[in-house]
Amino acid sequence: MHTLTSPGLYFLGVVAVWLLAGAVLRHRSPVWHWYIVGYPLTWFRITRTWRPLCIERGLSVSRRASQAVIGDLIVRGQEVRPVVPRLWIGRPTRTGLVVRVRLMPGQTPEEYAQSAEALMHAWRVYAVRITSPERGLIHIEALLSDPLAGVVVRNPDARRAGTTAPAGPPVMVLVVGVTERAKSWLMNFRLVPHWLIVGATRSGKSTLIHAIVTRFAPQGVAIVGIDLKGGLELSVYRPRLSGLATTRQEAVEILEALVELKDERTHACNMAGVRQAWELPEPPPPVVLVIDEVAELFLVTSNRDREEVALRDKTVALLVKLAQLGAALDIHVIAGGQRFGSDLGSGATLLRSQLSGRVCMHVSDGETAVMTLGDIWPEAVVTAQMIRADEQGTAVTGDGEGSWVRARAMFTGVDEAADAARIYSRITPVLPGIKRPYFVDLPPDSEGGEG
Ligand SMILES: Nc1ncnc2c1ncn2[C@@H]1O[C@H](COP(=O)(O)OP(=O)(O)OP(=O)(O)O)[C@@H](O)[C@H]1O
């Protein structure tokens, strides 16, 4: 009786108040419910399951040898004691919690990424992401629910307000969606000049490109398109395009003109003693080359057709050159496609290494995710492979701080992109050696159109 009146009773009282508070907060304030009830319970579950999980998934290491040599005698069967990586106390966030783990010698973040699904089930959370913000350290992020489940749309007020071209130099940092960490998904073309967007059919590639073109349209940016599927995808932007290639021959002509432009800008920078085109006294317009289905540039109908092979090789060589040297001259490449790998032939790996901005949407085979992300963030591959076909616009991409993040693109319909292209057609820059594509409602006083 005496024992129940002191610490035991006190403890029971605290638990009762805690449970009551949890029940009240559950519906009234899910965030506070998470901080007060969900977080301690999840953290308890994590600490309880960490050791068995590490041993089961091969994430533990044995510090003691299973045999010892004493003189010329070998002692076998010594007890092997697995040592599991140390877990730092999890930091709660509004969307879940983040645990830090120091990698043990010989371990890589990828090994943990392979176990993400097992961790997710053991901890009973919606998803587990593994990132490596610095060498030797990983962050294991446990998410309670999918923060990207809803469609992301642009604020209609911002859309209406943006019907006049902004004054001043172009802003090369675009907000194209939101990330799982409740931050803006930014495409910073000055930090990451070239981008590769990969996804299966209907995964949301065109919608992301609509978002990019719609944001660039009001600015003095020259947008050039290469669409070897007969211009089906990029034609919608015709009024706002400084050039459009729909055949391989046209693609070569446009790429040659852009390489020449690059050389001219290099010369101008040398003369002015600056290292980047935007530092010139009169900065030239940034150029963004958008390529739809980039694999088409690498494919030929027959390897025996020497002319076609030679033209293909020339296209690829020019594109690689542009990507290698264009960044400082404000010439950018965005290449989209269903897959992009070394099997496309010579130049593909070289080009991919230049396209340091990566966006991997739902892919139809696991290998495509490896080819898109594996060389930069191997630990992100598993998460990319788990993006379902019905999660259109969801992608794995860079977080702008050297690591990766899951994000969802803003929904930008084809009508919105077509409207932006029409409204801003008058500010389309004219590039030397490149003809603007024909479009029906070209205003009579517009400059540079071939009509
Ligand atoms: N960010 C998004 N948010 C919501 N829905 C989206 C998003 N992106 C795409 N969708 C939906 O998915 C559909 C297919 O998208 P989209 O045409 O962009 O795919 P795609 O990858 O370009 O396909 P394809 O390779 O066949 O051209 C869209 O019509 C739209 O309904």
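Me: What makes residues of helix 7 and helix 14 count as meeting?
Reply: In this predicted model, His210, Val213 and Thr214 of helix 7 meet Val414, Glu416, Ala417 and Ala420 of helix 14. The criterion is that C-beta atoms, placed from the backbone, lie within 7 Å. By class, this contact of helix 7 with helix 14 comprises four nonpolar, two polar and one charged residues.

Me: Why is helix 7 called roughly parallel to helix 14?
Reply: Helix 7 (residues 205–216) and helix 14 (residues 414–423) pack at an angle of about 25 degrees, and their axes are 9 Å apart. Angles under 35 degrees count as roughly parallel, and therefore helix 7 is roughly parallel to helix 14. The crossing of this pair, helix 7 and helix 14, is left-handed.

Me: Which residues form the contact of helix 3 with helix 5, and how do they divide by class?
Reply: Thr42, Arg45, Ile46, Thr49 and Leu53 of helix 3 meet Ala118, Leu119, Ala122 and Trp123 of helix 5. By class, six residues of the contact are nonpolar, two are polar and one is charged.

Me: How do you know which elements of domain 1 touch domain 2?
Reply: The domain assignment gives domain 1 (30–57 + 78–145) and domain 2 (156–427). Their C-alpha centres lie 35 Å apart, and the contact takes twelve residues from domain 1 and nine residues from domain 2. On the side of domain 1, helix 4 (109–113) and strand 7 (127–134) are the elements that give two or more residues. Strand 7 supplies the largest share, five residues. That side of domain 1 has six nonpolar, four polar and two charged residues.

Me: What makes residues 182–370 a named feature?
Reply: The name comes from UniProt, where an unreviewed entry places "domain: FtsK" at residues 182–370. In the model, residues 182–370 are 39% helix and 20% strand, and their end C-alpha atoms lie 26 Å apart.

Key
Residues numbered from 1 in each chain as written. Predicted model: local features only at pLDDT ≥ 70, side-chain atom pairs only at ≥ 80, totals over all residues. Contact = placed C-beta atoms within 7 Å. Helix = DSSP H or I, 4+ residues; strand = E, 2+ residues; numbered from the N terminus. Nonpolar A, V, L, I, M, F, W, Y, C, P; charged D, E, K, R; others polar. UniProt positions renumbered as here; feature names shortened; annotations may be inferred. Domains from an automatic or database assignment. Axes fitted to C-alpha atoms, helices over the stretch in contact; angles between N-to-C directions. Parallel < 35°, antiparallel > 145°, perpendicular 65-115°, else oblique. Left-handed = near helix turned anticlockwise from the far one by under 90°.
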